[in-house]
Amino acid sequence: MRTSSRRTRRVIIGAVAAATLTAAAAGCGGSGNDNKTGGGSSASSGSGSVTLPSLNGQKLEVAAVWTGPEQKNFLKVINEFEKRTGASVSFVPTGDNVSTFLGSKIEGGQPPDVAFLPQVGVLRQFAAKGWLKPVDSSVQAQLDKNFSKGWVDLGAYQGKQYGVYAKAANKSLVWYNTSAFETAGLSSTPTTWADFLKTAQTLFESGTPAVSVGGADGWTLTDWFENIYLSQAGPEKYDQLAAHKIKWTDASVKQALTTLAQLFGNKDLVAGGQSGALNTDFPKSVTQTFTGNPPKAAMVYEGDFVGSFIKDNTTAKVGTNAKVFPFPAVGSGKAPVVSGGDVGVALKSSKGAQAFLTFLASADAAKVWASSGGFVSPNKSLELSAYPDEVSKAIAKALVAAGDDFRFDMSDQAPAAFGGTAGKGEWADLQTFLKNPSDISGTQSKLEADAAKAYAG
Amino acid sequence: MATVATAGGAPAPAKPPAKRRSLMGTRPWVAALFLLPALVLLGALVVYPIGYTTWRSLYDAGGARFVGLENYGSVFSDDSTFTALKNTAIWVAVAPALATGLGLIFAVLTERVSWGTAFKLIVFMPMVISMLAAGIIFRLVYDADPSRGVANAVIVGVHDTFAASSAYPGAKPRPGGDITATSGGSYTTKSTAQPGTPVALPLIGIPAAKLPAGTQDAKTASGSGLTGTVWLDFAPGGGGKPGVVDQGEEALKGVEVQAVKGGKVVATAKSAADGTFSLPASAAGAQLRLPSSNFAQPYSGVDWLGPSLVTPAIIGSYIWMWAGFAMVLIAAGLAGVPRELMEAARVDGANEWQVFRKVTVPLLAPVLIVVLVTLMINVMKVFDLVYIIAPQPSQPAANVLALQLYVSSFGGGNNQGLGSAIGVILLLLVIPVMAFNIRRLRRERRR
């Protein structure tokens, strides 16, 4: 739990090679029906793109997981909102376990007005319990104007719109140590899974363990699986599995796990072997890839937040020592774009809460938020020039260009007991799989049993 | 003690009623008034939560639908709860006994040394640390990486002074060549070695930066004898043909090569600084084997936090914290024990062990029981240590009831009905211990 939120909330982008990411945009881009980003809508011109009611003297509470620089960036959005409406907004940090924090607040009768939920599964859970208030027409108008249907629908439950995806993350990136690649004589990055395995083998031959897997944190494993599954089985199957409409014993799951086992089952390619990977948590999986000569691993897979992590915890320079390439395409599929994000929801039916959501859905808020970096918005009305550096621009472009072809993190869509709890459900089952990658059918039946229990409750 | 209880039980009804009447009979409302604050507090903080938890345990996750005993049913049909129950039983059986035993030993021994107070202070010190901080400390102590975890650093250090590690851990012959993996982690050539044709034994998977200093470039062996080369078949920057000694590829010194004929080692050789080796002519026609001792991974110590050792490891950290508590209470009890009895025993010719066994321990029995029972109650609700020390993959194996309660009600499932059911079960398990404690206290008071 401690780390689950880290992946969704850290969207700080380092100075990553923009070229590779532009390639990602090209690789995964949809048919471009929403490619108006460059066209420049009226939204970004001045402060008039969204009309907000006057809320003089009203008090609002906004709860989110962010701390440190992320919180500071968000406070700028709050300040702008206060300036425009006259309301006074206070920020409440939730701590790492957002659903527990909010759950106890709501049970206690004192919910904040607006909260950011890091998992779409939590949104559904809360909506099913009747804890969320549907958005009003002005929020809906902003959503329709600024977001592609995929992002709007993610904030809906049973036909009612509850949330605004104001902040997004790209979780289909592989980060690599450039000096390890040089030592191995690798000049290009892989674009297909077969290439990826070959690259890994070459790295092993050169004496650098190829892939760092943070198996002590179950969520990194679910992300591995999701990228492979999305690319291999396709978005439709992905949606069905996410909704548990097909079982985990399905042949497509078997195929994906078999593919994953090609990596996890090869002791030479996984840094430290399976048991070493199980003892490696996410922070260590990143630091060990970018420290030492030779490093303990050459590549590490995770989302865009790895960039800021490298900056804070290693001496490696993002863009020079640490670079990134998009997750390779598996089989005949397209390269996957798995994303995450924080969804703003109203927990009280106050006018202020709706006004705040309206503002969040507007391009104005996104612009303020984006200006300080470390933030990507799926808001397609936001001009790319609002992003402070090339890498954020590239990531945002990829995200918006993916249109409706991106898929949201599957484990975040699942009930928390299956997709979001340490030592339980998918996290634990994939850890068992990492320990024993040859037991594919056993893993499948365990996943199915846990899923059946969690989705039923 | 039993005789005391029955003896005290008989005359009891005779005397007290007279006293009680005088106190209660005159102004019962005064008594009620004085009791009121305590009753309100107890009711609000103890009785009401218990009642509400029990009531809540009969409802579903949302709290709206009455499900009867369904939650209890799912508690007992759930594997993870069973593990939790089993582990809690292990905790209750092991941890209090060990902590009390250690506390007893410390208390008795510190009495006899001049710097006993300093020692007591040190042993008691972990009690001052919060469970959370202690958990983080021990998470590091038990870390699998010997350069981080002190437990493994000690074990690896001791192990490595007695057994040398291999020269090239993790190395492998280049796949697709003549060499195949054979039993026990060794590698053997498919073809046989003949005099005059040097054997190539290309290895990969060793970082060039980790080769010992002074490593030379590899040479192709020459000469008419039975020779060959062991080398790192990978030049920095790639390039080079697989299986061929290319320019710039480094030699691997000190690799043991065995000549095997019909499963028997007929000769062995070690590669020289330039990677070459030569075998006696008698080994002609033998297959060459690279024994696993060349490649063995360095000893990595004990997997303390793996599923099999995680509970004992956490119990160890608990004892580190609570042995001091036991020691202080027992030392206090020891101070009240009449010295004459021990002196008398010594005069009668008992040795120190006999004095300890037959005099000290029986005299301390009441204190020991208090400590044991207190620790038992404490252990039943152990949560923080397990939650923090057990890494995610072994948390299911380390599960205890209190942790399961938390996970069910707040950690994802958000099923507070199920959590309440576990809470009620936990209460039911604590009640016998409490009842024992209360009975014992009463008995003591009567004495």
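Predicted model: local features only at pLDDT ≥ 70, side-chain atom pairs only at ≥ 80, totals over all residues.
A:H244 belongs to the loop between α11 (235-242) and α12 (251-264) of chain A. With 18 other C-beta atoms within 10 Å, A:H244 is partly exposed. For context, most residues other than glycine have a negative phi.

Helix α6 of chain A spans residues 137-146, and its buried residues are A:V139, A:Q142, A:L143 and A:N146. Viewed down the axis of α6(A), these buried residues fall within an arc of 100 degrees, so they line one face of the helix. The face turned away from the buried side carries the exposed residues A:S137 and A:D144. Packing partners of the buried residues of α6(A) are the helices α7 (149-154), α16 (351-361) and α17 (363-370), together with the strands β5 (160-161) and β6 (163-170), in chain A.

The largest nonpolar core comprises 148 residues, of which A:V211, A:V345, A:F356 and A:L357 touch the most other members. Helix α10 of chain A (residues 218-233) gives the most to this core, contributing eight residues. Residues of the core come from both domain 1 (8-170 + 340-410) and domain 2 (173-336 + 416-456) of chain A, so the core lies between these domains. In chain A, the contacts of A:V211, apart from neighbours within four places in sequence, are A:A200, A:L263, A:L269, A:V270, A:A271, A:A297 and A:M299.

Chain B contains 15 helices and nine strands. Its radius of gyration is 35 Å, well over the 22 Å given by the globule rule for 447 residues, so chain B is more spread out than a compact globule. Along the principal axes, the C-alpha atoms of chain B fill a box of roughly 120 × 75 × 35 Å. Chain B is divided into domain 1 (57-148 + 304-446) and domain 2 (172-294), and the C-alpha centres of these two domains lie 57 Å apart. Of the 447 residues of chain B, 34% count as buried. Among the contacts of chain B that join residues at least 6 apart in sequence, 71% are between residues at least 24 apart.

Within chain B, B:A181 is placed in strand β2 (residues 179-182). B:A181 is partly exposed, with 13 other C-beta atoms within 10 Å. Between B:A181 and B:N399 the separation is 218 residues in sequence and 40 Å in space, C-alpha to C-alpha.

At the interface between the chains, 28 residues of chain B are in contact with 34 residues of chain A. The side of chain B that touches chain A is made up of 14 nonpolar, 12 polar and two charged residues.

Terms used. Residues numbered from 1 in each chain as written. Chains lettered and ligands numbered in written order. Buried ≥ 20, exposed ≤ 12 C-beta atoms within 10 Å, placed from the backbone. Helix = DSSP H or I, 4+ residues; strand = E, 2+ residues; numbered from the N terminus. Arc of directions from axis to C-beta. Contact = placed C-beta atoms within 7 Å. Domains from an automatic or database assignment. Nonpolar A, V, L, I, M, F, W, Y, C, P; charged D, E, K, R; others polar. Rg over C-alpha atoms; globule rule 2.2 N^0.38 Å. Core = buried A, V, L, I, M, F, W, Y, C linked by C-beta atoms within 7 Å.
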